[in-house]
Amino acid sequence: MRAGVDEPTVPDDDARDVMLLLFHECSSMVSALSSGGMAPVKMQVFDNAGNEVPIDEADPPVRTAVRVLLAEVHGDSEAARAHIEIALASAAPEEMDTLMVQALRWTMRLSEECRNRDLPVADWITAALF
């Protein structure tokens, strides 16, 4: 994404594992950012016009992304996996692309914020992004 590749390619067989890894790391970073008396991380969903919308009114891949992340943050990796499995079974390919891109965006943004606050970031993320 940083290189400007419009269509990242992840083989379908690996998409589940890649997304689970990304969301798991995002969860770890959200927890780090929220601990120690620091301001908690706030989840907001916006429409195309930039207006905040309730999660249930967001596009399906965005709803899925938020639900997967929240499941991971609350330590329920099985629920996170179930949300991804449902999406893989029923979502259009473009929706899966959006879900993957959302996971990548959050990984990038959260890792930047963690680095700015001198909080830990997984070595493989640091190597890939910084």
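Guide: Welcome! A crossing of two helices is left-handed if the near helix is turned anticlockwise from the far one by less than a right angle, and right-handed if clockwise. This is a predicted model, in which local features need pLDDT of at least 70 and side-chain atom pairs count only at pLDDT 80 or more, while totals for chains, interfaces and linings use all residues. Residues are numbered from 1 along each chain as its sequence is written, and side-chain values use heavy atoms, with hydrogens and water left out.

Visitor: Which pattern does the protein chain follow, read along the sequence?
Guide: Helices (H or I, at least four residues) and strands (E, at least two) are DSSP runs, numbered from the N terminus. The protein chain has five helices and zero strands. Read along the sequence, the pattern is α-α-α-α-α.

Visitor: What percentage of the 130 residues in the protein chain is buried?
Guide: A residue is called buried under 20% relative accessible area, exposed over 50%, and partly exposed in between, using a 1.4 Å probe and protein chains only. Counted over the 130 residues of the chain, the buried share is 33%.

Visitor: Are α2 and α3 roughly parallel or roughly antiparallel to each other?
Guide: Axes are lines fitted to C-alpha atoms, for helices over the stretch in contact, and angles run from 0 to 180 degrees between N-to-C directions. For α2 (residues 60–73) and α3 (residues 77–90), the axes come within 7 Å and cross at roughly 160°. Angles under 35 degrees count as roughly parallel, over 145 as roughly antiparallel, 65 to 115 as roughly perpendicular and the rest as oblique. The two helices, α2 and α3, are therefore roughly antiparallel.

Visitor: Which residues of α3 make the contact with α2?
Guide: The crossing of α2 past α3 is left-handed. Contact here means heavy atoms within 4.5 Å. On the α2 side it is made by Thr64, Arg67, Val68, Ala71 and Glu72, and on the α3 side by Ser77, Ala79, Ala80, His83, Ile84 and Ala87.

Visitor: By class, how many nonpolar residues has the contact of α2 with α3?
Guide: Ala, Val, Leu, Ile, Met, Phe, Trp, Tyr, Cys and Pro count as nonpolar, Asp, Glu, Lys and Arg as charged, and the others, Gly among them, as polar. In the contact of α2 with α3, three residues are polar, two are charged, and the number of nonpolar ones is six.

Visitor: What is α2 followed by?
Guide: Along α2 itself, the buried residues include Pro61, Val62, Ala65 and Leu69. After α2 comes a residue with a positive phi, near 75°, and that residue is Gly75.

Visitor: Are α2 and α4 parallel or oblique to each other?
Guide: The axes of α2 and α4 are 9 Å apart, and the helices pack at an angle of about 45°. Their crossing is right-handed. Helices α2 and α4 are therefore oblique.

Visitor: Which residues of α4 make the contact with α2?
Guide: The crossing of α2 and α4 is right-handed. From α2, the contact uses Pro60, Pro61, Thr64, Ala65, Val66 and Leu69, while from α4 it uses Glu95, Thr98, Leu99, Gln102 and Trp106.

Visitor: How far apart are the C-alpha atoms of Met108 and Cys26?
Guide: Met108 has its place in helix α4, and with a relative accessible area of 16% Met108 is buried. Along the chain, Met108 and Cys26 are 82 residues apart, yet their C-alpha atoms are separated by 9.1 Å.

Visitor: Which residues is Trp124 in contact with, leaving aside its neighbours within four places in sequence?
Guide: Trp124 lies in helix α5. Its relative accessibility is 38%, so Trp124 counts as partly exposed. With those neighbours left aside, Trp124 is in contact with Leu21, Leu22 and Glu25.
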